[in-house]
Amino acid sequence: MVTKQLLTGLPEDADLRRADSLAREIFSDVANKWALLIIEALGEGTLRFGELRNEVEGVSHKMLTQNLRMLERNGLVERTVHPVVPPRVEYTLTEPGRALRATIDGLCDWTHRYLGHIETARDRFDA
């Protein structure tokens, strides 16, 4: 967590520790498994809804729609509707979305690095 010292002079909306802060709301929005996986998939390039659904194994139509809307609302994903029949809709990361993807890449790297350790700890805990 960000320390109090680093938060000096920032608006209350930037304090993740405050339940009513905008920062906490944004953090809550993007720190869910589907949002993280969608951002990771879109980091490879622009995708249509069906392509994105294929990339994010296990996500339902409803969850993908809800998360794409939330990511668009937060300015992390751009939705482009092409005026063709049938309609073609594409999703791509915005600059803030690409910056977040770099952070998610770090989380993915951490997961790969410590996968064996976590698996061992779980086995020991569950025994």
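The points below go through the annotation, the sheet, the core, a loop residue and the salt bridges.

1. A word on conventions. This is a predicted model, in which local features need pLDDT of at least 70 and side-chain atom pairs count only at pLDDT 80 or more, while totals for chains, interfaces and linings use all residues. Residues are numbered from 1 along each chain as its sequence is written, and side-chain values use heavy atoms, with hydrogens and water left out.

2. The annotation. An unreviewed UniProt entry carries "domain: HTH hxlR-type" for residues 19-119; UniProt positions are given in the numbering used here, feature names are shortened, and annotations may be inferred rather than shown by experiment. Over residues 19-119 the chain is 63% helix and 14% strand, with the end C-alpha atoms 33 Å apart. Helices (H or I, at least four residues) and strands (E, at least two) are DSSP runs, numbered from the N terminus.

3. The sheet. Three strands make an open sheet in the order E1-E3-E2, with antiparallel pairing. Strand E1 (47-48) and E2 are at the edges with a single partner strand each, so one side of each has no neighbour in the sheet. Two strands pair if DSSP finds at least two bridges between them. E1 and E3 pair over two bridges, and Arg48 has Glu90 in E3 as its bridge partner. Strand E2 (residues 77-82) pairs with E3 over six bridges; here Arg79 is partnered by Tyr91, and Val81 stands opposite Val89.

4. The hairpin and its cis bond. Five residues lie between E2 and E3 in their hairpin. Pro86 is in the loop between these two strands, and a cis peptide bond joins Val85 to Pro86, with omega about -5 degrees. As background, most peptide bonds are trans, and I would be glad if you looked at this one in the model.

5. The two faces of E3. Buried means under 20% relative accessible area, exposed over 50%, and partly exposed in between (1.4 Å probe, protein chains only).

6. The core. In the largest nonpolar core there are 22 residues, and those with the most contacts inside it are Ile38, Leu42, Leu52, Leu68 and Leu71. At least two core residues come from each of helix H3 (33-42), helix H4 (49-55), helix H5 (61-73) and strand E3 (88-93), and H3 gives the largest share, six residues. A nonpolar core is a set of buried Ala, Val, Leu, Ile, Met, Phe, Trp, Tyr and Cys residues joined through side-chain atoms within 4.5 Å. Leaving aside neighbours within four places in sequence, Leu71 is in contact (heavy atoms within 4.5 Å) with Val30, Ala35, Ile38, Ile39, Leu76 and Val77.

7. A loop residue. Thr94 sits in the loop between E3 and helix H6 (95-126). Thr94 counts as buried because its relative accessibility is 17%. Beyond its neighbours within four places in sequence, Thr94 is in contact with Gly75, Leu76, Val77 and Glu78.

8. Salt bridges. The count is seven, taking a salt bridge as a side-chain nitrogen of Lys or Arg within 4 Å of a carboxyl oxygen of Asp or Glu. Arg101 forms one with Glu40, the closest N and O atoms being 3.3 Å apart. This pair links distant parts of the chain, Arg101 in helix H6 and Glu40 in helix H3, 61 residues apart. Arg101 counts as buried at 14% relative accessibility, while Glu40 is partly exposed at 22%. Glu40, Glu44, Arg101 and Asp105 are linked in a network of salt bridges.

9. Two further pairs. Arg18 and Asp20 form a salt bridge with closest N and O atoms 2.9 Å apart; Arg18 is partly exposed at 28%, and Asp20 is exposed at 56%. Arg88 and Glu90 form another, at 3.5 Å between the closest N and O atoms. Arg88 is partly exposed at 27%, as is Glu90 at 21%.
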